[in-house]
Amino acid sequence: MNPQSPQQLVRVSQLSYRYADEPTNTADGAAWALQELTLDLRAGEIMGLIGPDGAGKTTLLRLLAGLLKPVEGSLELLGLDPIRDHSRLSRQVGYMPQRFSLYEDLTVQENMRLCARLRALPRHETLGQEARLLEAAGLASFRTRLAGKLSGGMKQKLALISTLLGQPPLLLLDEPGVGVDPLSRRELWTLVHRARSEGRSILWSTAYLDEAARCDRVCILHRGRLHYLGAPDALLAPLRGRVFTLEPPAAARVALLRQVQGIPGVQDAMLEGPRLRILLRRNATASELPLPYKLHPAEPNFEEAFIDLMGDQHRATAPSVASLEAAAEPTAEIVIRTEGLTRNFGSFVATDHLDLAVHRGEIFGLLGANGAGKTTAFRMMCGLLRPSSGKAEILGIDLARDARRARAHLGYMAQQFSLYRNLSVLQNLRFFASVYGLKPSEAGHRIRELAERYGLGPWLHRNAAALPLGLRQRLSMACAVLHDPALLFLDEPTSGVDPFARRAFWQEINAMAAKGVTIIVTTHFMDEAQYLHRLVIMNHGKVIAQGHPEDLKAAAATQSHPQPTMEEAFIHYVEQGGKP
Amino acid sequence: MRLLALILKEFRQVRRDSSSILLAFVLPILMLALFGLCVNYDTSVTKLALVTEDEAPTAHRFLEQLQGSPYFRVNRVADESTAIEQLRRGTIHAALIIPSDFSRTVEARGETRLLLVTDGSTPNTAQFTSLYLQSICATWLQKQISTSTAAGTAAIEVVPLYRFNSAAISRRYILPGSIAVVISFVGTFLTAMVVAREWERGTMELLLASPMTRFEFILSKLIPYFLLGLGAMGVCTLAATLIFGVPLRAPVWLLFGITAIFLLSVLALGLLISTLLRNQYSASLVSLNVSVLPTIMLSGFIFELSSTPGWVQAISYLIPARYFAPSLSTLFLAGAEWAALLLNVLLLIISAIFWLGLVYLSTPKRLDP
């Protein structure tokens, strides 16, 4: 640590960056990846660098790691310049890039040793550390396993402990929590908190707003600008007393949501499973709300804090909700039924005797860590994968017999943006319309309707690649529902998008469910669980818990966690060994 | 220390990924076998239809000479139109017509006049047939003159002696050139993937953030594949000498020394492609087009460079195999002939410096340019 500045390990002042190959004429003028950013990192603190995808988190970390050269402004780490003093600094800074930045064809131990030698750490010093870190990360028994054969969580733990070798005073961690199951995420945080207690400072970037709670200070970024810098609690404080939930009957939910959104005193409203959640504006009071339901006070969350912070200026152009004339309650009619659905890959049982029944109009979730069997189950339910035993039916059609006919009734939206980037929005829509066999006149009508509803109109002739993340996701959705499917499969639909886009998305999903479309969501993001009507938690190919999100949370309550979050509930069920 | 760690890492990756091993040790044998067995300039027996309009003894003696040649299988047909018909159907390679004044011209003026009809759609065979026939005529005519004129104008018999390749087997000439192609290909491909792979898997960012220098990075990518490249050369040399019977007349150290210099160029070329494209798929396509094809076309071992336009020749100077292919021919067939080697070796050294310099300049220090 530099003795001249014991308090500030990192000083960033008026920092701006723009990528040379980025088109400067994007619609919102967001050519700057970072704009006039000023912040500091103090010794021994964990700072959360929080914001949705495209906020500028990675750019900032790369600038700090000396991988990019600032366009304007200055930055200083440990009193040194990241570019001029690169080789001195890189010994004292542990940088963990995004994605699994490991050599997949090297073993756990080989990866660690390579990292140590790259930073020219003396061997006698690192050997002891290596053993301790592997132990702490629970990887000690995997020393000789290839990194490519580890689970996502284990990979991230390995990448993290590799940066800890040599005990650098500063750690720059780029989204360590992405693609990681809740158990591993908790372990990652334990490792980071331990590093802090040993005097290290940590910059942890994340797109999950709820991770703010675990940081000493948070820096909230959105579209390249700093919106908040300070303690996480101070972020929630102004929201206390302004958040309420109410429980309307199912048939009235979506209509009520629209009504509430029209009330001037309401800052934000969203459906959370069976409940409606309301955030009031600063000057509004609950008694002003003309609602015939009882309001229950609720604890604010960081998404609401984000929305409150941005005010109305950043509100995404929300799509107008689908017409509600056909609003209906989820019926008892079963549209998906699986019986003893099992799939083996060699001796590995990916999905083990799955019995599910999903009702029309339900928003149904399959939750689980990576490798829990969600994707396998999901593929068998779409008729993309043949079960080893058992059967799956969609709308009464046996998938083993007539998967093609069944597939005509389902829409699918992949996790990654899987449309043609170099086709325009309109060309993408037309292509998918023809794939699903829509007649040209029908397709034209449907495309116009969806383009208007999803706010894609001004973008129709732009390449899909040029779309901002939130719009890309709406385009994926439009392509998935062109043929008006009775079932919609969503794979981690809102990972990384900002809370505005996420709300708009789920509002649309709720409207579709109200019209009788059945929605199946697979995700390992626990925060998406709050939007579901009903869910199953999977582990090792088996269902270990199922029910309404609130019931599952309530059932997982313990003395230490009287009001568990979905993530805590998930960990609870997994640790119970699959016995809910 | 850091360099050693990086090299060790590279070797471990090579060991766990069989494609590098296949590329260095199996592919050379396959490629050499293809070149060695398929590219062949030696003619086999030519099927010749013969029409004779001259029945004089002189013409008969010529016919005997022709039928005695191991290169022709002569088949007499009645007339010219039959011969042409056979040529059209492809049952013969060429038709030879001996005109009625053949004997008279030979006796009177010591000249032969023949009509040879060849198949223009197979120009190589046509060319060879014509050349062989001319040489047979010349030899035969020489004999005629020496026997008919008592005192005789001094009979000159030309005995061709093919130095360095005494049997004039084209394979012996083609194989050293093929080795240049194989080593170009293997060398470029070995390194064309490695930097792109680091970019694709995101590990490049990890390396750039470390104190590693550009120099260390390039060396760590060169040294392991340099050794593999030498291994590939070993495989090629063994295959050429033991399987295809090509002699190796230069000392082994010299062969490998010159190969080493050449390898620096092609490995650097691969690294350059990989560094610029950052994508394994594009890198492999570009490598194929930048290494193998120009080497075959422009190194001068299959196609004579002197017959190409000036600008093509100018491009060929950029291709290191242009200096390596003739060096290999010299090394294998002639031996350590410094007069023939020196210039090429110098140019190979310049080429290595040129390509390595480009790699150094194009290797980024950061993520942005």
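This is a predicted model: local features need pLDDT of at least 70, side-chain atom pairs count only at pLDDT 80 or more; totals for chains, interfaces and linings use all residues.
How many helices and strands does chain B have? I looked this up and found 15 helices and 4 strands. Helices here are DSSP runs of H or I with at least four residues, strands are runs of E with at least two, and both are numbered from the N terminus.

Residues are numbered from 1 along each chain as its sequence is written, while chains are lettered from A and ligands numbered from 1 in the order in which they are written.

**Chain B, overall**

Chain B has a radius of gyration of 28 Å, well over the 21 Å from the globule rule for 369 residues, so it is more spread out than a compact globule. (The radius is taken over C-alpha atoms, and the rule is 2.2 Å times the number of residues to the power 0.38.) Along the principal axes, the C-alpha atoms of chain B fill a box of roughly 90 × 45 × 40 Å.

I then looked at the domains, whose bounds come from an automatic or database domain assignment. Domain 1 of chain B is 2-40 + 169-362, and domain 2 is 46-148. Their centres, taken over C-alpha atoms, sit 48 Å apart.

I counted contacts here, meaning C-beta atoms, placed from the backbone, within 7 Å. On this count, 22 residues of chain B touch 24 residues of chain A. Helix H1 (2-16) and helix H9 (203-209) of chain B each give two or more residues to that side. H1(B) gives the most, with 6 residues.

**Chain A, confidence**

I looked up pLDDT, the predictor's confidence in each residue from 0 to 100. Chain A has a mean of 86, and 93% of its residues reach 70 or more. Over residues 316-327 of chain A, though, pLDDT is below 50.

**Chain A, some strands**

I followed strand E17 (residues 389-394) of chain A, which runs antiparallel to strand E14 (residues 334-345) with 5 bridges between them. Two strands pair if DSSP finds at least two bridges between them. A:Ile394 in E17(A) is the bridge partner of A:Ile336. A:Ile394 also has A:Ile397 in E18(A) as a bridge partner.

Notes: Two residues are in contact if their C-beta atoms, placed from the backbone, lie within 7 Å.
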